[in-house]
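Here is a short briefing on one structure. Look through the model first, then read the points below.

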Amino acid sequence: MELLDKMVEEDYRDDFTLTKQELMEYNFDETFLKVQDKLRDLKKARNRFINGYHVRVTSSYQPRLEAYTHHVSDNVGREVEYRLDSEKEYNEFNYQLNRLYETMSKPEIAFINDCLLCNRSEASVRDKFGISRDGFVIIKQSSVVRFAIAFNIVVYN
């Protein structure tokens with residue numbers, strides 16, 4: 001039973017956070033603007049497609065892909081109003097986001113989720129993980145660039 005408990009509590013130690021040198025090839029400011037636009041679209045789509053697949057982040061920053069049950073009374077009206085292919089794109093976005101979160105460190109996920117999606121302060125995330133201001137800059141830039149690379153919106157220098 002102890003072995004099973006250890007397997008459930010296993011925390012991976014691989015870290016693909018980009019280094020300061022690796023980040024030099026990217027235009028962070030332009031990339032950050034594109035990431036903000038993409039996340040703004042995600043917020044709108046999440047409210048529009050409530051029956052789709054959604055990435056949720058647990059309190060321990062583990063990604064969970066969830067789907068709600070379909071109780072749609074007007075299939076034709078819904079398809080005309082929101083275009084079925086847009087819901088498909090939203091679901092595919094969430095699959096990709098879930099896979100990305102699975103490779104990100106907890107502070108990177110926290111920056112994307114807490115700061116960019118939930119409008120919490122960077123200081124709250126830094127304090128939660130005990131990260132210095134300078135150390136957090138690398139995590140912030142790495143998370144933004146990795147998000148942009150995953151969704152093909154990255155801007156190079």
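This is a predicted model: local features need pLDDT of at least 70, side-chain atom pairs count only at pLDDT 80 or more; totals for chains, interfaces and linings use all residues.

Residues are numbered from 1 along each chain as its sequence is written, and side-chain values use heavy atoms, without hydrogens and water.

**Cysteines**
- A disulfide is a pair of cysteine sulfur atoms within 2.5 Å; the count by this rule is zero.
- Cys115 is buried at 9% relative accessibility, whereas Cys118 is partly exposed at 38%.
- Buried means under 20% relative accessible area, exposed over 50%, and partly exposed in between (1.4 Å probe, protein chains only).

**Helix crossing**
- The axes (lines fitted to C-alpha atoms over the stretch in contact) of helix H6 (residues 106-117) and helix H8 (residues 133-150) come within 9 Å and cross at roughly 70°.
- H6 and H8 are therefore roughly perpendicular, a term for angles of 65 to 115 degrees.
- In H6, Pro107, Glu108, Phe111 and Ile112 meet residues of H8, including Phe136, Ile139 and Phe147; contact means heavy atoms within 4.5 Å.

**Positive phi**
- Most residues other than glycine have a negative phi.
- Tyr61 has phi near 60°, a positive value. Tyr61 sits in the loop between strand E1 (53-57) and strand E2 (63-67), and is buried at 7%.
- Asn152 has phi near 55°, also positive. Asn152 lies in the segment after H8 and is exposed at 69%.
- Helices (H or I, at least four residues) and strands (E, at least two) are DSSP runs, numbered from the N terminus.

Key:
Axes are lines fitted to C-alpha atoms, for helices over the stretch in contact, and angles run from 0 to 180 degrees between N-to-C directions. Angles under 35 degrees count as roughly parallel, over 145 as roughly antiparallel, 65 to 115 as roughly perpendicular and the rest as oblique.
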